[in-house]
Amino acid sequence: MIRVLLPAHLKTLARVSGEVQVDVAGRPTIVSVLDAIEASYPMLQGTIRDHVTQERRPFVRFFACEEDYSLEPVDTALPDAVAKGNEPFLIVGAMAGG
Amino acid sequence: MSGVRLLVGTRKGAFILTSDAKRTRWDVSGPHFPGWEMYHLKGSPADPNRLYASQSTGWFGQLIQRSNDGGKTWEPVGNKFVYDGEPGTHMWYDGTPHPWKFARVWHLEPSLTDPDTVYAGVEDAALFRSTDGGKNWEELPGLRTHSSGPSWHPGAGGMCLHTIILDPKHRDRMFVAISAAGAFRSDDAGKTWKPINRGLKSDGIPNPTADVGHCVHRIAMHKSRPDVLFMQKHWDVMRSDDSGDSWKEVSGNLPTDFGFPIDVHAHDPETIYVVPIKSDSEHFPIDGKLRVYRSKAGGDEWEPLTKGLPQRDCYVNVLRDAMSVDSLDSCGIYFGTTGGQVYASADAGDNWTPILHDLPGVLSVEAQTLQ
């Protein structure tokens, strides 16, 4: 079970509060967690990554265990703490503004 | 009991305003989708409780929301807008080829007869259609792949398809307008398109009378007379009496003929409305006086409508989709401003009242007449 923290707007869209939990077969990677989120919450398709290119949206970032995974290859394995459910995988809307 | 429902899209959410036929007291619900840019909301003529809304942000992209109960509840539907085939390139601001890339939905136009069919005008300019209530979207590629497509340039706000008009008499005829490619017409339900810009003159482009390249801001039609079109171009207010085959200028005595919205009285197809804006570099009313101009002659002869509108220190704009009319007797007319005001007139523009003062900047206003 993987814990995922969504940004506020996407929690509203998915009609959830707090963290969400998804199951991923095998060692979780960035892409397998994203696939699982979109399978559980289809309304999020296209909001985290582009429908066609599957590239991360420019103002969306990924964090886990205080490390930035945004620029890592999508098949990068996530830390053990995330795989075991001790730490969440964070999907963050980049801060903007003054 | 008859009444009016206003669908107001703003930079930070949507608002739904309802009134009885007197149009003196308004109930306000919202913000719906708070924090999101709501470029446009529109109801189905075939089922007024079926609403569609374009929701987007720079962070999370495009969403389409649908309501089946007049905006009480909403559900996200399909947001996958993929160009048909290899998109190719259009011209960029610097004159170099630039790949076509989807950015957002500017305008939603529900079918006149089928609540599940809706058209979407998008940036970069293309026309999409859904026939299943917004779940799936398919491009009508004949427009984007018109031979002139590679030469289209974006306007300052992006290369957006912002106007879609469905002809109520000729079932397969539709009109669109693109900034800054111009106006186009299809006579075969969107399969093929022809530019309809003859008579337009735009001094800001290399060939001022070119077939394409004009910055059309908005087109309006009266449903009883679909061969007559009115256009607010970047500069110039124009009229066509032959379905866009030719245009003539009807700016007449307007104090400035720059502006964004244009609309037609619900019961008099020769009565039209514009909101003159000082210039393309100063997007606010002349002398700080917010004035709607009305022509009862289909153009050329205009009168300022000022009662109830601020006549000093007003420096807002009215965007292209932010004016609408109802079809009650007498005709109601509404517009929203970039300053967050929504103004209403229940007497065809003679007198105005602000319904709301302090919304986020208004992007769109659509009036639904409820019977």
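User: Two strands pair if DSSP finds at least two bridges between them. In this predicted model, over how many bridges do strand S4 and S5 of chain B pair?

Analyst: Strand S4 of chain B covers residues 37–43, and its pairing with S5(B) is antiparallel. Within this pairing, Met38(B) has Gln55(B) in S5(B) as its bridge partner. The threshold for a pair is at least two bridges; the number for S4(B) and S5(B) is six.

User: Which strand of chain B pairs with S5(B) over seven bridges?

Analyst: A hairpin of three connecting residues leads on from S5(B) to this strand. Leu51(B) stands opposite Ser67(B), which lies in the strand in question. The pairing is antiparallel, and the partner is strand S6 (residues 61–67) of chain B.

User: Is strand S5 of chain B largely enclosed or left open by the rest of the structure?

Analyst: A residue is buried if 20 or more other C-beta atoms lie within 10 Å of its own. Six of the seven residues of S5(B), which spans residues 51–57, are buried, so the strand is largely enclosed.

User: Which residues touch the most other members of the largest nonpolar core?

Analyst: In chain B, 54% of the 371 residues count as buried. In soluble globular proteins, nonpolar side chains tend to be buried together. Beyond its neighbours within four places in sequence, Val8(B) has contacts that include Phe15(B), Val342(B), Leu359(B) and Val365(B). In the core of 109 residues, the members with the most such contacts are Val8(B), Val176(B), Ile219(B), Tyr334(B) and Val342(B).

User: Is Met159(B) buried or exposed?

Analyst: Met159(B) belongs to the loop between strand S13 (138–139) and strand S14 (160–166) of chain B. Residues that it touches, leaving out those up to four places away in sequence, include His90(B), Glu123(B), Trp152(B) and Ile178(B). The C-alpha atom of Met159(B) is separated by 9.5 Å from that of Ala103(B), 56 residues apart along the chain. Since Met159(B) has 25 C-beta neighbours inside 10 Å, it counts as buried.

User: Which strands stand at the edges of the open sheet in chain A?

Analyst: The sheet has five strands in the order S2-S1-S5-S3-S4, with mixed pairing. Each edge strand has a single partner strand, so one side of each is left without a neighbour in the sheet; these are strand S2 (20–22) and strand S4 (67–68) of chain A.

User: What angle does helix H2 of chain A make with S2(A)?

Analyst: Within the sheet, S1 (residues 2–5) and S5 (residues 89–93) of chain A pair in the parallel sense over two bridges, and Leu5(A) stands opposite Leu90(A) in S5(A). Helix H2 (residues 30–40) of chain A packs on this sheet, touching S1, S2, S3 and S5 of chain A. The angle between the directions of the helix and S2(A) is about 110°.

User: Which element gives the largest share of the side of chain A that touches chain B?

Analyst: The contact takes twelve residues from chain A and ten residues from chain B. The side of chain A comprises six nonpolar, five polar and one charged residues. Its largest share, three residues, comes from helix H1 (residues 8–14) of chain A.

Definitions and conventions: Residues are numbered from 1 along each chain as its sequence is written. Chains are lettered from A and ligands numbered from 1 in the order in which they are written. This is a predicted model: local features need pLDDT of at least 70, side-chain atom pairs count only at pLDDT 80 or more; totals for chains, interfaces and linings use all residues. Two residues are in contact if their C-beta atoms, placed from the backbone, lie within 7 Å. Helices (H or I, at least four residues) and strands (E, at least two) are DSSP runs, numbered from the N terminus. Ala, Val, Leu, Ile, Met, Phe, Trp, Tyr, Cys and Pro count as nonpolar, Asp, Glu, Lys and Arg as charged, and the others, Gly among them, as polar. A residue is buried if 20 or more other C-beta atoms lie within 10 Å of its own, exposed if 12 or fewer, and partly exposed in between; C-beta atoms are placed from the backbone. A nonpolar core is a set of buried Ala, Val, Leu, Ile, Met, Phe, Trp, Tyr and Cys residues joined through C-beta atoms within 7 Å. Axes are lines fitted to C-alpha atoms, for helices over the stretch in contact, and angles run from 0 to 180 degrees between N-to-C directions.
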